[in-house]
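Reader: I have a protein structure to look at. Can you take me through a pocket and a pair of helices?

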Amino acid sequence: MELAGANLLRFIAVLAVLYSHISFYLIDDRSEGWWVIDLVYRVLVQEAGLNNHLSFVGVAIFMLLTGLLVTRSAMRQSRRDFAVSRLSRLIPALWVAVALAILFVRLGINGMFSGQNGISNSEAAFSFVLGGFFLEPEVAVLGVTWTLTVQLMFYLYCVVARDILRKRPILVPLLGAAGCAVVIVNNLYVPQPWSVPMLSKIAATLPTLFLGQIIYLGWARIVAWRWVVVAVIAQAEVVRLATDAHAYWAGDKYLWTIIVVTGLVLLLGRYDGRVAHWAFIRWTGTRSYAIYLVHTLILYRVYENVVPYTGPTGAVVAFVVVTAVVSEIIYRWVETPAATWLNSRFRSREAVRV
């Protein structure tokens with residue numbers, strides 16, 4: 001099944017993620033305004049009912065796409081080939097971005113994304129394997145990478161449940177929803193020292209990946225539509241539970257936000273018109289992972305140094321330009337060559353030839 005509109009959806013997701021962090025930074029940290037924030041707030045927050053700052057909009061698009069696109073590979077590839085193909089793309093660029101984040105903190109260029117003033121050697125080592133998010137208190141040297149813990153959990157689940165995914169595929173998102181509910185309830189009621197808040201965050205986000213998986217199973221006609229409906233309701237109930245348990249971090253409009261994002265994916269996922277093939281759409285879509293990794297390393301220092309001379313709009317443009325340049329470097333010199341080498345080295349010969 002081809003997803004011709006994937007890059008267009010990634011482009012929209014990138015815009016939403018960039019906007020979200022710009023909005024949080026200007027409103028919450030600098031107590032400043034910007035005409036774009038006023039417009040988006042009036043149209044998409046007040047009228048459309050999405051989360052403030054468009055929080056989770058971009059993340060939900062990326063997660064839905066991951067579930068949709070990865071499920072087919074999880075069903076067809078061997079466990080080894082699936083794991084190698086996923087990790088070879090994610091890990092090398094992640095390590096470069098984390099190393100840059102640690103360097104910037106230690107040079108005093110950037111601060112931490114959690115409460116610490118600096119980062120120890122052991123905390124830095126944990127950060128390369130995303131372990132800092134599970135420490136008490138949480139240690140986040142590159143805050144956006146929390147979403148990778150969700151993706152990696154989904155990949156691991158697909159590997160473990162591969163046989164079920166091939167024989168009784170609808171059971172995978174249904175069992176996933178049940179597991180997420182158990183984690184949220186457990187963290188809600190166990191004594192505070194024994195709870196792991198990051199696990200609730202993962203469990204509250206995984207339903208978007210399972211929704212993408214369910215869309216694939218429905219579009220590919222692998223499961224009957226009545227089971228698609230049942231599985232979708234199960235994910236919605238997990239989102240409702242997570243909202244009631246305060247597992248989310250930016251309000252209580254997550255279910256509606258996910259509904260809107262799901263509709264967008266259904267509408268544009270198979271769109272193969274001219275817009276989907278515009279060069280800058282394709283460029284942004286293919287560099288979306290690199291943009292995601294580096295943009296918060298660039299935003300704050302570029303903005304504060306440029307805004308006195310250009311105003312907010314010029315500072316945002318400068319941030320976007322610098323992010324585009326750095327993302328291109330990461331994509332061309334790290335992400336692509338590392339994935340190519342690792343796939344050729346560790347995947348089976350038959351898979352590499354395909």
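Author: A pocket here is an open set of grid points with protein on both sides within 12 Å along at least five of seven lines. The model is predicted.

Reader: What volume does the second largest pocket have?

Author: Rolling a probe the size of a water molecule over the atoms shows where empty space is left. For the second largest pocket, the volume comes to about 580 Å³.

Reader: Which helix gives the most to the lining of the second largest pocket?

Author: Start at the centre. Of the 27 lining residues, the closest to it are Phe 11, Ile 12, Val 14, Leu 15 and Ala 16. The elements that give two or more residues include H1 (6–29), H2 (35–47) and H13 (288–346). With eight residues, the top contributor is H1.

Reader: How many residues of that lining are charged?

Author: Sort the lining by residue class. There are 25 nonpolar residues and two polar ones. The number of charged residues is none.

Reader: Are helices H8 and H9 roughly parallel or roughly antiparallel?

Author: The axes of H8 (residues 171–189) and H9 (residues 197–219) come within 9 Å and cross at roughly 160 degrees. Angles over 145 degrees count as roughly antiparallel. Therefore H8 and H9 are roughly antiparallel.

Reader: How many residues of the contact of H8 with H9 are nonpolar?

Author: H8 passes H9 in a left-handed crossing. Among the contact residues are Val 172, Ala 177 and Ile 184 of H8, and Leu 199, Ala 203 and Phe 210 of H9. The contact holds four polar residues and no charged ones. Its nonpolar residues number 14.

Conventions:
Residues numbered from 1 in each chain as written. Predicted model: local features only at pLDDT ≥ 70, side-chain atom pairs only at ≥ 80, totals over all residues. Heavy atoms only, no water. 1 Å grid on protein atoms, 1.4 Å probe; cavity = no way out; pocket = protein on both sides within 12 Å on 5 of 7 lines; lining within 4 Å. Points joined across faces, edges and corners; volume = space filled by probe spheres on them. Helix = DSSP H or I, 4+ residues; strand = E, 2+ residues; numbered from the N terminus. Nonpolar A, V, L, I, M, F, W, Y, C, P; charged D, E, K, R; others polar. Axes fitted to C-alpha atoms, helices over the stretch in contact; angles between N-to-C directions. Parallel < 35°, antiparallel > 145°, perpendicular 65-115°, else oblique. Left-handed = near helix turned anticlockwise from the far one by under 90°. Contact = heavy atoms within 4.5 Å.
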